[in-house]
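Please examine the sequence and the model shown below.

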Amino acid sequence: MNGIINIYKEPGFTSFDVVAKLRGILKQKKIGHTGTLDPAARGVLPVCLGKATKLCEFLTDGKKTYEAVLLLGVSTDTLDMEGQVLRTCPVSCAEKQVREVIMSFLGEQEQIPPMYSALKVNGKKMYELAREGRVIERKPRKVIFYDIEILKIDLPEVTIRVTCSKGTYIRSLCDDIGNKLGCGGAMKKLTRTQSGGFDIDKAYRLSEVEEFVKNKRVEEIILPMDEALSRYPKIKVSRDADKAARNGNRIPEKYCITDKTELSDGLNVRLYDSGELFIGIYEYRKEEKVFKPVKILFEQT
């Protein structure tokens, strides 16, 4: 099977657990997920099957939306309520101040990844180092908060909805908000409601996937590879370039039907042959007026 299943990850499972369970349910080895969710978190986890595993990096590049409950007045070693409490503090700030501080994080920010994360240092995951009592210096990374919405304030708890770039840690945001308010803060609950075009209301639990398999209807919930990349413009080649496209060659712009697509240097597109067969992802090179292959998904039969 080749394609993507939009999985609803339930709390208590790691992202790796989900992949392992799906291998058993689908009887297929080649499976990969598109962005780790903490074990306590829930929500959207797109899972790639077969040839679609080549697309994992492209699906993780998209924006993500989360709903989180921030608990003010407490700081932990993991930046969420799963960890060890390091300190507590009375929450004396006013609601207006809380709103102002939260909204101050809108836009591009520098964020330090938490020690308890799956990022690797010299081949070892940081949470493994943290469990050994080691603290590694982490460099700040640029992240973008495209939208922050305050859904509810019932101090010391605040519920927020955040749309952000890849590589953003909501736990770190909660910690940063608490530190800026002077009382500390930790993430109490996290739900990913959207990831790279996949929405939570169209996500399937593992038990539901099992039912589809049992009823021989699993194809109904597998999204084709090109549909999962719908945010990339669609480019079709003329018949003269079909062979070159199927061989994964560079395609001059003159052989491409671009319609109303505005071509900019470095633009990624979905490239199809003249018969609407999906070839893969190509990048436009403006100076050369050519489309260069980035990821070929078509296989000769």
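In this predicted model, V158 touches A68, V69, L70, L72, V98, I102, I150, K152 and I153, leaving aside residues up to four places away in sequence. V158 and I170 are the residues with the most contacts inside the largest nonpolar core, which has 28 residues. At least two residues of this core come from each of β4 (64-72), α3 (95-103), β10 (141-154), β11 (157-164), α5 (170-181) and β12 (185-195).

Helix α3 may be considered next. Its buried residues are V98, V101 and I102. These cover an arc of only 100° around the axis, and therefore lie on the same side of α3. The elements that cover the buried residues of α3 include β4, β10, β11 and α5.

Two packed helices are described by the angle between their axes and the distance between the axes. For α3 and α5, the axes come within 10 Å and cross at roughly 130°. The crossing in which α3 passes α5 is right-handed. At the contact between them, Q97, V98, V101 and I102 in α3 meet I177, K180 and L181 in α5.

A further residue, T258, is found in the loop between β16 (256-257) and β17 (268-272). The relative accessible area of T258 is 17%; since buried means under 20%, T258 counts as buried. With residues up to four places away in sequence not counted, T258 touches I235, L263 and F291.

Definitions and conventions. Residues numbered from 1 in each chain as written. Predicted model: local features only at pLDDT ≥ 70, side-chain atom pairs only at ≥ 80, totals over all residues. Heavy atoms only, no water. Core = buried A, V, L, I, M, F, W, Y, C linked by side-chain atoms within 4.5 Å. Buried < 20%, exposed > 50% of the residue type's maximum accessible area, 1.4 Å probe, protein only. Helix = DSSP H or I, 4+ residues; strand = E, 2+ residues; numbered from the N terminus. Contact = heavy atoms within 4.5 Å. Arc of directions from axis to C-beta. Axes fitted to C-alpha atoms, helices over the stretch in contact; angles between N-to-C directions. Left-handed = near helix turned anticlockwise from the far one by under 90°.
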